[in-house]
Amino acid sequence: MRSHSLVATAAQLLASDKGLLAIDESIATCNARFATLGIPQSEESRRAYREMLLTTPRLSGSISGAILCDETFHQSTANGTAFLGLLAESGILAGIKVDLGAVPLAGRAGETVTEGLDGLRQRLAGYAELGARFAKWRAVFRIGRETPSMMSIHANVHALARYAALCQEAGLVPIVEPEVVMDGAHSIERCGSVTEAVLHAVFRALYAQDVTLEGMILKPNMVLPGASCPDPVSHEDVAYATIDCLLRSVPAAVPGVTFLSGGQPAEPASARLNAMNGRSKDAMPWALSFSFARAVQQPALDLWGGRAENVDVAQHALELRVAINRAACRGAYRPSMEHDDTSSSALRAVFAPRRGPSGSSA
Ligand code: 5MM
């Protein structure tokens, strides 16, 4: 019975070409993003920011689930409506990030292992009782001359699989997020071979822990060249490399893949998702959707800037961004959507080149 409801929840998260809104930044990460914009790094600023995001008009037209961090999970709007109630009312499923972050892996300089298994069964039961329907755990892999090591892959996929099994026991759909990060000068081919190796290890570990593949969602990186790789790639190159990698490593029983954005700017992230779905959507065994954080939030965050008077325009930016990504899930994204003449001038400003503090292009 439990796996029946997990399958139903996963299907609900993937229905109608909608995506997941990842706003589960830890306090430290959220503060760091605020710091770059001069926004106060306080609990109230974080609450106000998440209220701005979660009260965006028509959010549920493009978003099926929202991933929260523990702080946001327990917060409310300024007028006292719990965020969880707000989500329930709009038909968006509540998700919770349950990992406790990546810490240095003993004996492997520069590599990390994600922690959070201690007490996880009790924490999951508590979140489920409060209304969470799914959870998320992120493992981080860095590409270097000798990384990721087998040691870091084994440690991280073991934890991911233990987490996923515990989620399913608690009736929560696990979002399994192995992220091969973009930092570095590596080629797209190297990212593809590392991502494939990591995904093979992930699914071996999930199998070993008896995780029901039909009741989970994979949240991987797209296959991309490193951020400082000099070789240009087209959106089609990324789409082909990513799909080829997934076809070789993700079982067809998995219902959906919701990509992280990994530091890609908003527009290429959408265009690449679109290229994947435009290429052969019906031929692929899984739905291909989005669970972006930075690539949907950044335009809205830049516009909001911590000021109440900017809420409307920031919400407009988020609404447009998630709608564009829903179109990309259908292979129906067009670059002209980014510069819709019907948008307000302030909204168009989001997509103009960003200016540095001195007025120079940033
Ligand atoms: C929103 O950021 C998530 C939590 O990160 P920290 O615990 O490090 O603050 C993160 O897991 C996020 O959901 C994914 O990395 C995807 O985010 P991007 O920005 O890559 O789409």
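User: Helices are DSSP runs of H or I with at least four residues, strands are runs of E with at least two, and both are numbered from the N terminus. In which helix is Glu319 found?

Analyst: This is a predicted model, in which local features need pLDDT of at least 70, side-chain atom pairs count only at pLDDT 80 or more, and totals for chains, interfaces and linings use all residues. Residues are numbered from 1 along each chain as its sequence is written, and side-chain values use heavy atoms, with hydrogens and water left out. Glu319 falls within residues 311–329, which are helix H12.

User: With which side chain does the side chain of Glu319 make a polar contact?

Analyst: Contact means heavy atoms within 4.5 Å; leaving aside neighbours within four places in sequence, Glu319 touches Thr56, Pro57 and Arg58. A polar contact is a pair of N or O atoms within 3.5 Å; within protein, one must be able to donate a hydrogen and the other to accept it, and residues adjacent in sequence count only if both atoms are side-chain atoms. At 2.8 Å, the polar partner of the Glu319 side chain is that of Arg58.

User: How is H3 oriented to H12?

Analyst: The axes of H3 (residues 43–54) and H12 come within 9 Å and cross at roughly 55°; axes are lines fitted to C-alpha atoms, for helices over the stretch in contact, with angles from 0 to 180 degrees between N-to-C directions. Angles under 35 degrees count as roughly parallel, over 145 as roughly antiparallel, 65 to 115 as roughly perpendicular and the rest as oblique. H3 is therefore, relative to H12, oblique.

User: Which residues of H12 meet Glu51, Met52 and Leu53 of H3?

Analyst: These three residues represent the H3 side of the meeting. On the H12 side are Val311, Ala314, Gln315 and Leu318.

User: Is Asp210 buried or exposed?

Analyst: Asp210 is found in the loop between helix H8 (188–208) and strand S8 (217–218), and its phi is positive, near 60°, although it is not a glycine. Buried means under 20% relative accessible area, exposed over 50%, and partly exposed in between (1.4 Å probe, protein chains only). With a relative accessible area of 67%, Asp210 is exposed.

User: What is the phi of Ser16?

Analyst: Ser16 lies in the loop between helix H1 (2–14) and strand S1 (19–23), and at 45% relative accessibility it counts as partly exposed. Most residues other than glycine have a negative phi. Ser16 is not a glycine, yet its phi is positive, about 55°.

User: What is the omega of the peptide bond from Thr147 to Pro148?

Analyst: Pro148 lies in the loop between strand S6 (134–141) and H7. The bond from Thr147 to Pro148 is cis, with omega near 0°.
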